[in-house]
Amino acid sequence: MERGRRPHTSGAPRWIGPLLALAALALGACGGPFPQSALDPASDFAWKLQDLFEGIFFWAVIVFVLVEGALIVAIFRFRERPGGAAPRATHGNTLLEISWTLAPAVVLVLIAIPTIRTIWDVDQPARGESLVVEAIGHQWWWEFRYPDLGVVTANEMHIPVGTQIDVRLTSADVIHSFWFPRLGGKRDAIPGHENQIWFTADSAGLYLGQCAEFCGLSHALMKMQLVAEAPEAFQAWVDRQKSDALAADSVIAAEGSQAFMRGGCIACHKVRGTVAQGVIGPDLTHVGSRRRIAAGILDNTPENLERWIRNPQAVKPGALMVVPELDDETVRRIVAYLQSLK
Amino acid sequence: MAVTGAVGAETPGVGAQDHGGTYSGGIWSWLTTVDHKRIGVMYGVSAFLFFLVGGIEALLIRLQLGTPENTLINPDLYNQLFTMHGTTMVFLAIMPLSAAFFNFIVPLQIGARDVAFPRLNAFSFWVFFLGALFMNSSFLFGGAPDAGWFGYANLTSTQYSPGMRVDFWVLGLLVLGVSSIAAALNFIVTIINLRCEGMHFMRMPLFTWMTLITSFLLVMAFPAITVGLVLLMFDRMFGTQFFNPLAGGDVLLWQHLFWIFGHPEVYILLLPGLGMVSEIIPVFSRKPLFGYAFVVYSGVLIAFLGFGVWAHHMFAVGLGPVANTVFAAATMLIAIPTGVKIFNWIATLWGGSLRLKTPLYFCLGFIAMFIIGGLSGVMHASAAADLQQTDTYFIVAHIHYVLFGGVMFALFAGMYYWIPKVTGRMLSDRLGKIHFWIMLVSFNLTFFPQHFLGLHGMPRRTFTYESGLGFEAMNLMSTVGALLLGSSMLIFIWNVLQMLRKGPPTGADPWGGSTLEWSIASPPPHYNFKVLPKVYGRDPLWAADTSDSRPGDDVEAPEPHMPGPSAFPLTTAIGIVVMAAGGLTTTLPVLFVGVAVVLFGVYGWAFQPLEH
């Protein structure tokens, strides 16, 4: 799959993309880079939407220039002049009215055609072979399940580049919305409904996403990451994720494992291959392999993990995780254990 | 005490100009008034105060978002602020500010002495005012509503929103709905039945036309949200499961009910402003409105189509290609009548002799900003493109270009245009223009970058954002703009205070207006017209034959009798809010007291004679 492949269905001239980028740049000159930008598509789905948007943006620029131009000309040309004659009272002109009713109608038809074409493309169930990933929204984290591969993970989704991914969306509590801007539009994860969204990533990389539907106190902290990688690398990831948890590789991790199993953590968390079989919180079997913790808001470092375990609500207000009283030593042991779960 | 003939020296500022005793009398006379002009003033002042409250909420939001990972405002408070900012601006600021103009201006424009049901009018105001206080009192009792102004189920269920916050929102909106429907029915009857002789429908001023259309929208749209709110109230208070997916309920039912109301609501907010602009531009161009009939019909069409586009708020919900196609196409259709209005305004300016006074400045700013809001609207009418835009700052930018760049600019145009009629004094044109320029520049500084924030991936309703996503600079710009925008309001307030203190008196007609309100004194006497006018065409004051349409004060006719004041509308309104408080706290005795007060109020109202 070549990079930056784009379908070009809107018929907009090719300079509109650069113009849009220029406008975005002019404003964001003091900002950027924008790692979560919808204007930087990296999948077929995202390119379809970008292409459609550029077509509409093209017409919007034309209409904007013409209408604002007419307004400005009217203001300067017809301002009151001393001694000027009283204006002629015109009440209307049917021909003009008909033409400026038809002109926007024509433009709208030109926008509607690619719009409807794109709707019937992207708002349908996925066609052809795809890798199914179930994404389940929780207050405030994401669960990802790969039913065909036997993988369950949280907040960090992995996909192979060039394979169509069919994301099945639902929610365990309230409405959330699944959104990786560079990989395409968003779709809501709704309790009691199953939604779908599908895309094929163009290029390997780390993509950022976050919940886009207001879902309560820590909505802003419900993030996720997506790693698109070469098929071989993806297969290696799957093999690691499928295996049971690794045995503790150090004394402190082994002590941490015992503290974890005794400390009540297992009521909510699962660590496959151990007695921890909870299903309420994220699966921690390979938590040590994830780049970030707490739904993509903290780097996965021992210090951050310690911060999180000591007081999850201080990191993420309203987080549902309940932590028993733990002394410093126990916290450090549990951190060592979780870090060892690669 | 129907009409005190005394010169109203007790009302500071306006006394000297107040020939008709329009504003004279103490606080009791205001509590019991049924005069549409006084009710209009009360609507205007209280709506402006709530506009400031909503503005302060917006400034706190912007201060929090000025820098990444800011800890100025915690998420709990932030969610209350953005919920109340939306709720306040929609229901407590823009709608009642429009209602202020309906009240003050419409009876004057159609040549009537009052609205059809003056006591119902007072009742509408008091229900609005007390309902607004009720809703805002939540800040003192455990926190304000925090589930968004759209209150999506099932986040609003008792499981995910325990406590009274959402109850305040549900009951507050139900109370405000009573006010809106009563007012809307009143204006429908007023406009249809009380037009003066010769005022055919197609001679009605545009503002009156848009008021009529808006009133129909209110009557038809509010039942949908009322149904939704009642279902939600039952879910929260009586354990029904309408919105509980685990018990077979459907969370999307709420979204449909809410947006079947919510989209017409956008036009409820917008159309009065379109009407004002359609009145003001001709007066300052010295030229009749171009394409009157097309401007009227396009307003009707916008209102009609407004009921068929609600699911464009739900393109990411996954309704499927058929629904998304239909709603995308219907939404795009609305751009046509909206465009027709804009073209007709420009055609009205074209060939005119533009007097560049403050009201026209705001109208021109309105057109310029509204075009931008309309164009971004077409961008997300495209259902597929909207999948990237919905629930991001792109939408925040769009709604503010429509509701602030559009509606608020139009409402300020209306205020600068009609306040001289209300107070009999002129606002400073110089301060008005300073206000305009600061507002225009800071508005764009605040909201234009938000388009790009959204496209670059910033979701809305987030209390914080991480550094490194490129959002820092544009958010800072937006915050600086918002602070400037807020300060421009101080100039307006200063201008109004200066006017009340020492503004030069205006005559009956400071602008050379074309409609009937300019034929009588400013402020108008409490009876408006001694002799009811007759009109022979549109723009009656510009018509060649104006002998009958300038009743003025010089007519030697007896002073008309007007309905006397009544305390029962206020009493009934108090009863309704007490009922809501009883529901809120689920204390039956309070509820019954409320019911008793309502019954007492209605009984007294029915049997109180019209004149004392």
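Visitor: Is Gly131(B) buried or exposed?
Guide: In this predicted model, Gly131(B) counts as buried, because 26 C-beta neighbours lie inside 10 Å and the cut-off is 20 or more.

Visitor: Which element holds Gly131(B)?
Guide: Gly131(B) is part of helix H4 of chain B.

Visitor: And what does Gly131(B) touch, beyond residues up to four places away in sequence?
Guide: Gly131(B) is in contact with Gly172(B), Val175(B), Leu176(B), Ser179(B) and Val577(B).

Visitor: How far is Gly131(B) from Val590(B)?
Guide: The two are 459 residues apart in sequence, and their C-alpha atoms are 16 Å apart in space.

Visitor: Let us turn to domains. Which domains does chain B have?
Guide: Chain B is divided into domain 1 (1-30), domain 2 (33-565) and domain 3 (578-612).

Visitor: How far apart are domain 2 and domain 3 of chain B, and how many residues make the contact?
Guide: Their C-alpha centres lie 30 Å apart. Domain 2 of chain B gives 11 residues to the contact, and domain 3 of chain B gives eight residues.

Visitor: Which elements give two or more residues on the domain 2 side?
Guide: Those elements are helix H4 (118-136) and helix H5 (165-193) of chain B. The largest share, four residues, comes from H5(B).

Visitor: What classes of residue are on that side?
Guide: The side of domain 2 of chain B that touches domain 3 of chain B has seven nonpolar, two polar and two charged residues.

Visitor: Now chain B overall. How many helices and strands are there?
Guide: Chain B has 16 helices and zero strands. Its radius of gyration is 24 Å, close to the 25 Å from the globule rule for 612 residues, so chain B is as compact as a globular protein of that length. The C-alpha trace of chain B spans about 75 × 60 × 45 Å along its principal axes.

Visitor: What share of chain B is buried?
Guide: Buried residues are 62% of the 612 residues in chain B. As for its contacts with a separation of 6 or more, 79% are between residues 24 or more positions apart.

Visitor: Which residues touch the most other members of the largest nonpolar core?
Guide: They are Ile56(A), Val277(B), Ile280(B), Cys363(B), Phe366(B) and Ala413(B), in a core of 290 residues.

Visitor: What is in contact with Phe366(B), leaving aside neighbours within four places in sequence?
Guide: Phe366(B) is in contact with Val277(B), Gly406(B), Phe409(B), Ala410(B) and Ala413(B).

Visitor: How many residues of H10(B) are buried?
Guide: Of its 24 residues, 23 are buried, so H10(B) is largely enclosed by the rest of the structure. Helix H10 (residues 358-381) of chain B should span 34 Å at 1.5 Å a residue, which agrees with the 34 Å between its end C-alpha atoms.

Visitor: On to the other chain. How many residues do chain A and chain B each give to their contact?
Guide: The contact takes 78 residues from chain A and 78 residues from chain B. On the chain A side, helix H1 (16-28), helix H2 (44-77), helix H3 (94-122) and strand S7 (187-189) each supply at least two residues. H3(A) gives the most, with 15 residues.

Visitor: What is the make-up of that side by class?
Guide: The side of chain A that touches chain B has 46 nonpolar, 21 polar and 11 charged residues.

Visitor: And what are the domains of chain A?
Guide: The assignment gives domain 1 (16-26 + 35-78 + 91-122), domain 2 (131-242) and domain 3 (251-340). The C-alpha centres of domain 1 of chain A and domain 3 of chain A are separated by 50 Å.

Key
Residues are numbered from 1 along each chain as its sequence is written. Chains are lettered from A and ligands numbered from 1 in the order in which they are written. This is a predicted model: local features need pLDDT of at least 70, side-chain atom pairs count only at pLDDT 80 or more; totals for chains, interfaces and linings use all residues. Domain bounds come from an automatic or database domain assignment. Two residues are in contact if their C-beta atoms, placed from the backbone, lie within 7 Å. Ala, Val, Leu, Ile, Met, Phe, Trp, Tyr, Cys and Pro count as nonpolar, Asp, Glu, Lys and Arg as charged, and the others, Gly among them, as polar. The radius of gyration is taken over C-alpha atoms; the globule rule is 2.2 Å times the number of residues to the power 0.38. A residue is buried if 20 or more other C-beta atoms lie within 10 Å of its own, exposed if 12 or fewer, and partly exposed in between; C-beta atoms are placed from the backbone. A nonpolar core is a set of buried Ala, Val, Leu, Ile, Met, Phe, Trp, Tyr and Cys residues joined through C-beta atoms within 7 Å. The expected span of a helix is 1.5 Å times one less than its number of residues.
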